[in-house]
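This briefing is meant for someone meeting the structure for the first time. Please look over the sequence and the model before reading the points below.

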Amino acid sequence: MATDSREACIALDRADPLAGSRAGFALPDGVIYLDGNSLGALPKAAAARLAEVVGGEWGDSLIRGWTAHGWIDLPQRVGDRIGRLIGARPGEVVAADSTSVNLFKLIVAGLRLRPGRTVVLSEPDNFPTDLYMAEGATRLLGAELKLAPRAELLGAIDHTTALLLLTHVDFKTGALHDMAAITRAAQAKGALLLWDLSHSAGALPVDLGAANADLAVGCGYKYLNGGPGAPAFAFVAARHQAALDQPLSGWMGHASPFDFATAYAPAEGIGRLLCGTPPVLSLAALDAALELWDQADMTAVRAKSMALTTLFAELVEQRCPELVLASPRDAGARGSQVSFRHAEGYAIVQALIARGVIGDFRAPDLLRFGFAPLYLRHVDVWDAVEHLGAVMQTREWDRPGFRQRAAVT
Ligand SMILES: *Cc1c(COP(=O)(O)O)cnc(C)c1O
């Protein structure tokens, strides 16, 4: 690669087939946003839809909105829209609750699909909430959570393993699991796979169908741009739905909630994953945000993502030799993020944020940068590295205040 000038980056942006999608976002002036992997930027359509749903639908229609505006179907409609991005068929995805809550539902349901097997297997580097929810769910059921390092995972599957719980793209390093190969290996030993797609959906092409995936969850507020606390999603392969017994048997997952029957009877299909009343405002914002994805070609998204992460990694290594690459060097082996290690990572990230370059920090020493291909340009990468280089060269991070830890990093 030889993108060795700002002009060369601008030329790449001119030739970028996704260049037009940036206009769909309301990005603040003077900010280079490299944290769309943590909270996606605001799509203009989401702001407009929220105003319409609040004023027009809620304000005017009141309770009639549930049917008049189809609020009641939003979890399935939004779920199907997400499904197209992750290789699911219509009726296999629902948008609901948080990723953590969906993990709980599907960990318990997964254990119940494999009676006689009591182990949930994961890796110590999985995202903490995934492990915490597995701890809670297994404790409740008298099952067991076992952890094995990545290289030993497949060997650790045995006749007691009900479920493998893995995050497709590692939240710290961006390292990518081979979804199809691991799913096949686990299923060959009689186990199910529960994939967490929080850092995958909207970041790279995912094909749950081709991988013969069983169960999956993921996040709505990262690359999907659904807004802070946006509903998450859950996938259950059609072949598992009839037998799926999820523990949060709320009325919205009932076969006919408005019969007000005394006994619970699960809805047919993916609807049985619902629990309580859907958050209509949040779902409407996520639905509008997904319109941008309807037009995006995931092959082009992946190509641009790989180009941006490669450009960033190479420029940073040239400009800032004291930062150590923590992500796979091969773009094909990572998601849409790049992380570097430095003992003063927190202060460096704070100094960058003060310059309008927003990335984030993950303890103990990771500087993490996400590259959302729908709204980032090559020139943003160039400029961000210029700032990072200046912060490192002048030890700007060493100024008072930059080491002060906030509650959210
Ligand atoms: C972001 C993320 C979550 C978030 O869970 P919430 O319940 O939505 O807070 C869960 N798992 C992974 C792997 C994530 O990256």
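The points below cover the ligand and its surroundings, the aromatic rings, the charges over rings, and some details of the backbone.

The structure is a predicted model.

**The ligand and the residues around it**

- The residues around the ligand are Ser98, Thr99, Ser100, Phe127, Thr129, Asp130, Thr167, Asp196, Ser198, His199, Tyr221 and Lys222.
- Sorted by class, this shell is made of two nonpolar, seven polar and three charged residues.
- Two helices, H5 (99-113) and H6 (128-141), each contribute at least two residues to the shell around the ligand.
- A nitrogen atom of the ligand lies 2.9 Å from an N or O atom in the side chain of Asp196, while an oxygen atom of the ligand is 3.1 Å from an N or O atom in the side chain of Tyr221.
- Thr99 also takes part, with a polar side-chain atom that lies 3.4 Å from an oxygen atom of the ligand.

**Aromatic pairs and a cluster**

- Among the aromatic pairs is the one between Phe312 and Phe371, which is tilted, with 5.0 Å from centre to centre and 55° between the planes.
- Phe312 belongs to helix H10 (residues 298-319), whereas Phe371 is in the loop between strand E13 (366-370) and helix H12 (378-393), so this pair ties together parts that are 59 residues apart in sequence.
- Phe312 counts as buried because its relative accessibility is 1%, and Phe371 is likewise buried, with a relative accessible area of 0%.
- Tyr346 and Phe361 form an aromatic pair that is edge-to-face, with 5.4 Å from centre to centre and 85° between the planes.
- This pair links distant parts of the chain, since Tyr346 is in helix H11 (residues 345-354) and Phe361 is in strand E12 (residues 360-362), 15 residues apart.
- One aromatic cluster is formed by Phe312, Phe340, Phe369 and Phe371.

**Charges over rings**

- Tyr346, described above as a partner of Phe361, also has the charged end of Arg405 over its ring, 4.5 Å from the ring centre.
- Lys222 lies over the face of Phe127, at 5.4 Å from the ring centre, and both Lys222 and Phe127 are among the residues around the ligand.

**Details of the backbone**

- Ala363 and Pro364 are joined by a cis peptide bond with omega of about 5°, and Pro364 has its place in the loop between E12 and E13.
- Asn225, a residue other than glycine, has a positive phi near 65°, and it is found in the loop between strand E7 (215-218) and strand E8 (232-236).
- Asn225 is buried, with a relative accessible area of 2%.
- Phe260 also has a positive phi, near 50°, in a residue other than glycine, and Phe260 lies in the loop between helix H8 (238-241) and helix H9 (280-294).
- Phe260 counts as exposed, because its relative accessibility is 58%.

Key:
Residues numbered from 1 in each chain as written. Predicted model: local features only at pLDDT ≥ 70, side-chain atom pairs only at ≥ 80, totals over all residues. Heavy atoms only, no water. Phe/Tyr/Trp six-rings, centres within 6.5 Å; stacked < 30°, edge-to-face > 60°. Helix = DSSP H or I, 4+ residues; strand = E, 2+ residues; numbered from the N terminus. Buried < 20%, exposed > 50% of the residue type's maximum accessible area, 1.4 Å probe, protein only. Lys NZ or Arg CZ within 6 Å of the ring centre and 35° of its normal. Near = heavy atom within 4 Å. Polar contact = N/O pair within 3.5 Å; in protein donor to acceptor, adjacent residues only side chain to side chain. Nonpolar A, V, L, I, M, F, W, Y, C, P; charged D, E, K, R; others polar.
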